[in-house]
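Hi,

Here is the structure I promised to pass on to you. Have a look at it first, and then read my notes below.

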Amino acid sequence: MHDMKALIVVSCLLVPALFASQPNIVLIMADDLGYGHLGSYGQTKISTPNIDRLAAQGMRFTHAYAGSTVCAPSRSVLLTGLHGGHTSVRGNLGDAHIADADVTLAEVLRRAGYATGAYGKWGLGLEDSPGHPLRQGFDDFLGYLHQVHAHFYYPFWLTFNHGRMNLTRNRNGGRGQYAHDLIVERALDFIRTNREGPFFCYLPVIIPHVELAVPADSLAEYLGKFPEIGGGQEPRIGYIVSPNPRATYAAMVSRLDRDVGRIVALLEDLGIEGETVVIFNSDNGAQSRFDVNEEFFNASGGLRGYKGSMYEGGIRVPQIVTWPGNVRPGTVTDHVTYFPDMMPTFAELAGVQPPRTDGISFVPTIIGEGSQAEHEWLYWELVGDGNKLLRQAARHGRWKFVRASRDAAVEVYDLDTDERETKDLATRHSELVEHFERWVGSNRTQPPEQPARSRVTYEDYVQLSPVDPAALGARRRPPNESGADPQRPLP
Ligand SMILES: [Ca+2]
């Protein structure tokens, strides 16, 4: 199997490079950052000056979509270049993993001569699985292999390559080491070490996500700034309870923004900003939850729905691309793109052929040269609850299709006239529904078998102090990804 995969990847090298030299690629992907959470996308309450500066220096996408509506399948789509009907991981399913036969972005780039590092939330395979990042093309990894692990910002350990980094100051309820900070430091080190290039720095950061916890220096910027709802907290076991959920949430986004600024500053200090493509985006839409009230922050930027749903608010994400000297500053594009497109885009930047992919390179859009091919269809999928749950969506030009559950009727929306998906046109356009069904019938495969239940619990990752209020009254169950009911199984 390894040899077959190597053969596929090696054959990728047989094309002439388009660019004079292979640019570095830094991909920073936020966790659950909504379409409306950045100043450059209309946010008025949360300060994101560094990411907004990226938008001013580069290209902002108004119609970029994630790979799915929750973490793991979105990452699977991103890394494999296959859409939700083809990729290996279709839902936040326990200990699901990508397969040995999957060819990832990191494998393609490493074979093309790139140093490869991943820092943050992996979510595509545990230590003993073929999905482990070091078995999928990465040279260096620090962070969380498991979705549940990544729910906690003060865990007592992180995965560090094939071993562990012990965070002893987080034992016994301690909050001494904010894991996000360690992850960013390692990414900065990776960039410094590989400054000669080319390198691929994949930074799937763990914030803002669900748990509300942030160091005091970031919180200070927002304390007292917003009316807090009070009392309502995500009651998931192991979580830290914040008395200021809105201030804490905003501070987490601003801390991420601060660190995006540090990464860009390092590229400039090293004099390699002109040789580096920086991409910032999010893995899915914003969480909807009662302690923060996402309407307060207009998290989906006016789009319908949140994380977990297949409406635009669940899958459309901010995306900004910079490449000084190549991407024109302050540009905005409405090119429709989604995560499978990273594979052919990165391959083109590296001067190699991509493996089999559902994506289309967006290089012509960012450099403003050549003709940009468009997707005839885009497709999203979420599988859960032992394959019983199935959510699907597709986009075909102006038409958006949503099937909210396996047995639900297909809804049809006209995004040109109804971007907020208020008017279901399925009855009026039954021919479109048939078109969708036919397309899905021939462009989707059954998901591979995955372990339905997880082996892990919160106790594998966090130690609560005996008086921690989060421990009181909570049941012994790992958190899930639904954002709504902690007692319900995934998604
Ligand atoms: Ca997510």
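**Strands around S7**

Strand S1 (residues 24-31) and S7 run parallel and are joined by six bridges. A quick word on names: helices (H or I, at least four residues) and strands (E, at least two) are DSSP runs, numbered from the N terminus. Two strands pair if DSSP finds at least two bridges between them.

Before we go on, please keep in mind that this is a predicted model: local features need pLDDT of at least 70, side-chain atom pairs count only at pLDDT 80 or more, and totals for chains, interfaces and linings use all residues. Residues are numbered from 1 along each chain as its sequence is written.

Back to S7. Leu27 stands opposite Tyr202 in S7. S7 also has a parallel link to S3, through four bridges, and there Gly117 has Cys201 of S7 as its bridge partner. Is strand S7 (residues 199-208) mostly covered or mostly open? It is mostly covered, with ten of its ten residues buried.

Next comes strand S3 (residues 115-121), which runs parallel to S4 and is joined to S4 by five bridges. Lys121 is the residue opposite Tyr144 in S4. S4 and strand S5 (residues 157-160) run antiparallel, with two bridges between them; Gly143 has Thr159 in S5 as its bridge partner. Strand S4 (residues 140-144) is mostly covered too, as five of its five residues are buried.

If pairing is new to you, strands of a sheet pair through backbone hydrogen bonds, either parallel or antiparallel.

Ile98 sits in the loop between helix H3 (71-80) and helix H4 (105-111). Ile98 has 29 other C-beta atoms within 10 Å, so this residue is buried. Which residues does Ile98 touch, leaving out those up to four places away in sequence? They are Ser76, Leu79, Thr80, Ser88, Val89, Leu124, Gly125, Gly131 and Gln136. Touching means being in contact, that is, the C-beta atoms of the two residues, placed from the backbone, lie within 7 Å.

Arg75 belongs to helix H3. Arg75 counts as buried because there are 27 C-beta neighbours inside 10 Å. Not counting residues up to four places away in sequence, Arg75 touches Gly123, Leu124, Pro204 and Asp283. Between the C-alpha atoms of Arg75 and Ile98 there are 9.9 Å, and the two residues are 23 apart along the chain.

Have a look at the open sheet of four strands in the order S12-S13-S14-S15, where the pairing is antiparallel. Its edge strands are strand S12 (378-384) and strand S15 (411-414), each pairing on one side only. On average, neighbouring strands of this sheet are turned by 10 degrees against each other, direction ignored. Strand S13 (residues 389-396) and strand S14 (residues 399-403) run antiparallel and are joined by five bridges, with Ala393 partnered by Val402 in S14.

H11 packs on this sheet, touching S12, S13, S14 and S15, and its direction makes about 110 degrees with that of S13. For such angles, axes are lines fitted to C-alpha atoms (for helices over the stretch in contact), and angles run from 0 to 180 degrees between N-to-C directions. One of the 14 residues of H11 is buried, so the helix lies largely in the open.

**H2 against H7**

Helix H2 (residues 49-57) and helix H7 (residues 245-269) have axes that come within 7 Å and cross at roughly 50 degrees. That makes H2 oblique to H7 (under 35 degrees counts as roughly parallel, over 145 as roughly antiparallel, 65 to 115 as roughly perpendicular and the rest as oblique). On the H2 side the contact is made by Pro49, Asn50, Ile51 and Leu54, and on the H7 side by Asp257, Arg258, Val260, Gly261 and Val264.

**The whole chain**

The protein chain has eleven helices and 15 strands. Of its 491 residues, 55% count as buried.

Cheers

Definitions and conventions
A residue is buried if 20 or more other C-beta atoms lie within 10 Å of its own, exposed if 12 or fewer, and partly exposed in between; C-beta atoms are placed from the backbone.
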